[in-house]
Amino acid sequence: MTTISPQRAEISSLPRGTGTRATRIIGIATIVMIAWLALFGLVLSPADRDQGDSVRIMYVHVPSVWLAYLAFIVTAVCSAIHLFGKRHSLGVDRIAGASAEIGVVFMAVTLATGMLWGRITWGVYWQWDARLTTTALLFVSYIGYLAVRGLDGTQQQRARRSAVIGLLVVLEIPLVHWSVRLWRSLHQEATVLGTDLDVSLDGLMLFSLFVGVIAFTLLFLWLVLHRSRTLTMIDLVGDRELDRAVIARRAEGGIDHA
Amino acid sequence: MAEVSRLAIARAMFVKDVRVEIRSRVVAHQILPFAALVMVLFAFALDATNVLTRVAPGLIWLAVLFSMIIIVQRTFAVEATDGALEALQAAGVDPVPVYWGKWAALVTQLLVLELLLIVTAIVLYGIEVRAGGIVLLVTTAISATCGLAAVGTIYGGLAAGVSGRETLLPLLVLPVASPVLIGATRAVEAALGTGGTAIAEGWPWLGLLSVFAVAFGVGGSFAFGPLIED
Amino acid sequence: MRDAGFIFGSYLITLGAIGAFAWRTIRVGRRLADEVAEEDKPWR
């Protein structure tokens, strides 16, 4: 008893579930940074000369876009590593899946906060601008990607399929962006979108944005670690249930034959 | 077994798909009427002839997209019931020519569908095809169809087999196909002169459609194998 | 502050989504961690 107790003690001192010391540190840092972001974004930073207070939405909007696109880049890279790597690693596939889930959540946040900003700045929630439209289609495409991950099949099948879909989305994005830009350039616009993000950022505003980007990058790291570990356990539990079902079926068969 | 050339596999696949269609007449008897019906329903929804003439190009391509989803579901359902794709896989048949054979069959069916829809639009919506726009119209139809069929065949391969995947197909195909909808609609508008657009305005769109077709044609060749491999 | 509802709303949406997603991730992780043996958790 006493010989294994130091190890035991070490394990029990660790965070529960999917946590480790590293994630705990990242988590605390994230919370601190987000609190800072709220403080700087809502209180300390000044209102913009042209945009007024609506610029404050940018301090959460821009970091969420950044996080969402970062997540999708990670998904694409992991998909490629899974598909072209020699090991066809399932661990990489789970990171791709976890990252896509995070990306979808933050893409939704991005679209929602962007619409609120648009309502203040343009007077409308939505513009058929290339960036907005591409983002919306990217959002829908990754919902499709997650649906593909949910299909029946072995873990290797899921990984291969979703990796292919993940890379096809990458092919889709520039084409969508190009088509929407070409389409909208035929119409007026520019007058409305002239006020876009071209605000002259003063020191404190730039700093608030910087705080936001750091906070959300840490947040991504924290979420992807926890979520991919959870996906690993989901797969393990799924395997175990499958094994149990096979054993149960075999037992039934045995009784039938006897 | 002697090595069968890729072209022969593609041709065999194409002939098989077309023959299945000629015998069963599902496209002719069910999907073409469905597409025409959609055009009639658009007219009900968008009452007023001048609106219909204005938006006719977009409606044609929407009807093509929706019908394509059904055609793709149908062609791959035929494969799935016999486990034909798995059998091909097991026999070690190269998936690339299988992809191109199915692609060619889908292109053929879609071109027939588009011809019917354009005629329907002429009859029901009163659009007029001008002589100078015919080249643009035909090249647009061909390049858009090549792109759409490439996308449809990729995701059809994924949707083949296990039940419950059919509902996934529109969710996967429609976002990817949206550049084609935008491009083909604008190009056809230019060809028809809808809203006073000049024919010259259509050519950049044709560029987009061609790049799309090539990108997803190449992408599909690589993606199809891993997707149907089960 | 003009448009305060929109501005606070956007912070609320963002922080709410982060909170909900993080909470769900942790909760599912803890529930599953009880079912899975320690040696199957490579991060331990």
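1. Two residues are in contact if their C-beta atoms, placed from the backbone, lie within 7 Å. On that basis, 80% of the contacts in chain A with a separation of 6 or more join residues 24 or more positions apart. Note that this is a predicted model.

2. Fold of chain A. The chain holds seven helices and zero strands. Read from the N terminus, its elements run α-α-α-α-α-α-α. Of its 258 residues, 42% are buried.

3. Which chains touch? Two pairs of chains do, and the pair with the most contacts is A and C. Chain A is also in contact with chain B, through 22 residues of chain A and 25 residues of chain B. Chains B and C do not touch. The nearest C-alpha atoms of chain B and chain C are 24 Å apart.

4. The A–C contact. Chain A puts in 32 residues and chain C 27 residues. On the chain A side, two or more residues each come from H2 (21-44), H3 (55-84), H4 (90-121) and H7 (203-257). H7(A) supplies the largest share, ten residues. By class, this side of chain A has 16 nonpolar, ten polar and six charged residues.

5. One residue to look at is A:Leu236. It sits in helix H7 of chain A. Leaving aside residues up to four places away in sequence, A:Leu236 touches C:Val36 and C:Asp40. Is A:Leu236 buried, partly exposed or exposed? There are 16 other C-beta atoms within 10 Å of A:Leu236, so the residue is partly exposed. The cut-offs are 20 or more for buried and 12 or fewer for exposed.

6. The A–B contact, seen from chain B. The 25 residues of chain B meet 22 residues of chain A. Helices H6 (134-159), H7 (168-192) and H8 (203-228) of chain B each give two or more residues to this side. H7(B) gives the most, with ten residues. The side of chain B that touches chain A divides into 18 nonpolar, three polar and four charged residues.

7. Helix H2 of chain A. H2(A) is among the helices that give two or more residues to the side touching chain C. It has 24 residues. From first C-alpha to last, H2(A) reaches 33 Å, close to the 34 Å expected at 1.5 Å a residue. Which residues of H2(A) are buried? They are A:Thr23, A:Gly27, A:Thr30, A:Ile34, A:Leu37, A:Phe40 and A:Gly41.

8. Packing of H4(A) on H6(A). Two packed helices are described by the angle between their axes and the distance between the axes. Here the axes of H4(A) and H6(A), residues 155-185, come within 10 Å and cross at roughly 50°. H4(A) and H6(A) are therefore oblique to each other. Angles under 35 degrees would count as roughly parallel, and 65 to 115 as roughly perpendicular. The crossing of H4(A) and H6(A) is left-handed.

9. Residues at that crossing. H4(A) contributes A:Leu90, A:Asp93, A:Ala96 and A:Gly97. From H6(A) come A:Gln155, A:Ala159, A:Ser162, A:Ala163 and A:Gly166. By class, the contact of H4(A) with H6(A) has four nonpolar, four polar and one charged residues.

Conventions. Residues are numbered from 1 along each chain as its sequence is written. Chains are lettered from A and ligands numbered from 1 in the order in which they are written. This is a predicted model: local features need pLDDT of at least 70, side-chain atom pairs count only at pLDDT 80 or more; totals for chains, interfaces and linings use all residues. Helices (H or I, at least four residues) and strands (E, at least two) are DSSP runs, numbered from the N terminus. Ala, Val, Leu, Ile, Met, Phe, Trp, Tyr, Cys and Pro count as nonpolar, Asp, Glu, Lys and Arg as charged, and the others, Gly among them, as polar. The expected span of a helix is 1.5 Å times one less than its number of residues. Axes are lines fitted to C-alpha atoms, for helices over the stretch in contact, and angles run from 0 to 180 degrees between N-to-C directions. Angles under 35 degrees count as roughly parallel, over 145 as roughly antiparallel, 65 to 115 as roughly perpendicular and the rest as oblique. A crossing is left-handed if the near helix is turned anticlockwise from the far one by less than a right angle, and right-handed if clockwise.
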